[in-house]
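Please keep the model open as you read.

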Amino acid sequence: MLWSWINAVVDLVGQNPSWALAVAFAAAIIEAVAVLGILIPGTPILMAVAGAAAMAGQPMLPFLLLAILGAVIGDFVSFWVGQKYSRQLRLMWPFRTRPHLMLQADRFFQRYGTLSVALCRFIPVLRSTVPLVAGMAGMQRQRFIVANILSAFVWAPVHVFPAQFAGLSLERLQDGDWQTATLWAAALAGCCAAGWVLHRRVVAVRAR
């Protein structure tokens, strides 16, 4: 059952590569947009599509570039909305009914300033609310754009490459090539370990 589902997704991605790229691009944007990033799991969608694309033999470079571009666009949209509607936002859903969302983002931004734009990408909820708060707080647009772009170049590979390794490992495993599957699985484990260390360091920074 599991393999049939995986094969169906891989076939769909392989037959419609433009759709796969569009979905990955949209997922990267959604992940960073305020409110949408809280409600819709953009990161799992991006990784699932990238993994299926790897199994289908598609190159990862287009997915990586679109993930970077989508992340930059998503964060900038949140920042722009924060700038334009700073007075109204705290009275709107979901921030009116969940004030802790803005309170946490406020504290994080006040503490780390420009660095918060980069760090928040790796913290759930904050990744879609800190850019909004940065806009509301009147952060200089140039400073935000620099932090936004540089952090996107870290965020995208951290998610696309593990998805690629997972897809290639499953592909080799399905073909009975256990040795190669093990090598790709080891690469995946290395990426996950590096991602875990990065996440722990960001969380430690947040806790200070």
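How are H7 and H9 oriented to each other? This is a predicted model, in which local features need pLDDT of at least 70 and side-chain atom pairs count only at pLDDT 80 or more, while totals for chains, interfaces and linings use all residues. Residues are numbered from 1 along each chain as its sequence is written, and side-chain values use heavy atoms, with hydrogens and water left out.

Back to the question. The axes of helix H7 (residues 99-112) and H9 cross at roughly 70° and come within 9 Å; axes here are lines fitted to C-alpha atoms, for helices over the stretch in contact, with angles from 0 to 180 degrees between N-to-C directions. H7 and H9 are therefore roughly perpendicular to each other, a label for angles of 65 to 115 degrees, with under 35 counting as roughly parallel, over 145 as roughly antiparallel and the rest as oblique. Residues from H7 including Leu101, Phe108 and Phe109 meet residues from H9 including Leu126, Val130 and Met136, contact meaning heavy atoms within 4.5 Å. By class, this contact has 11 nonpolar, two polar and one charged residues.

Now for H2. Helix H2 (residues 17-32) packs against helix H4 (residues 42-55) at an angle of about 155°, and their axes are 8 Å apart. That makes H2 roughly antiparallel to H4. On the H2 side the contact uses Ala20, Val23, Ala24, Ala27 and Glu31, which meet Gly42, Thr43, Ile45, Leu46 and Val49 in H4. Seven of these residues are nonpolar, two polar and one charged.

H2 also has H5 as a partner: the two axes cross at roughly 30° and come within 7 Å. Among the residues in this contact are Ala20, Phe25 and Ala32 of H2, together with Phe63, Leu66 and Asp75 of H5. The contact divides into 14 nonpolar, three polar and one charged residues.

The side chains of Arg127 and Glu31 make a polar contact (2.4 Å). Leaving aside neighbours within four places in sequence, Arg127 is in contact with Glu31, Ala32, Thr43, Asp75, Cys120 and Arg121.

Finally, a word on confidence. The protein chain has a mean pLDDT (the predictor's confidence in each residue, from 0 to 100) of 76, and 74% of its residues reach 70 or more.

Technical notes
Helices (H or I, at least four residues) and strands (E, at least two) are DSSP runs, numbered from the N terminus. Ala, Val, Leu, Ile, Met, Phe, Trp, Tyr, Cys and Pro count as nonpolar, Asp, Glu, Lys and Arg as charged, and the others, Gly among them, as polar. A polar contact is a pair of N or O atoms within 3.5 Å; within protein, one must be able to donate a hydrogen and the other to accept it, and residues adjacent in sequence count only if both atoms are side-chain atoms.
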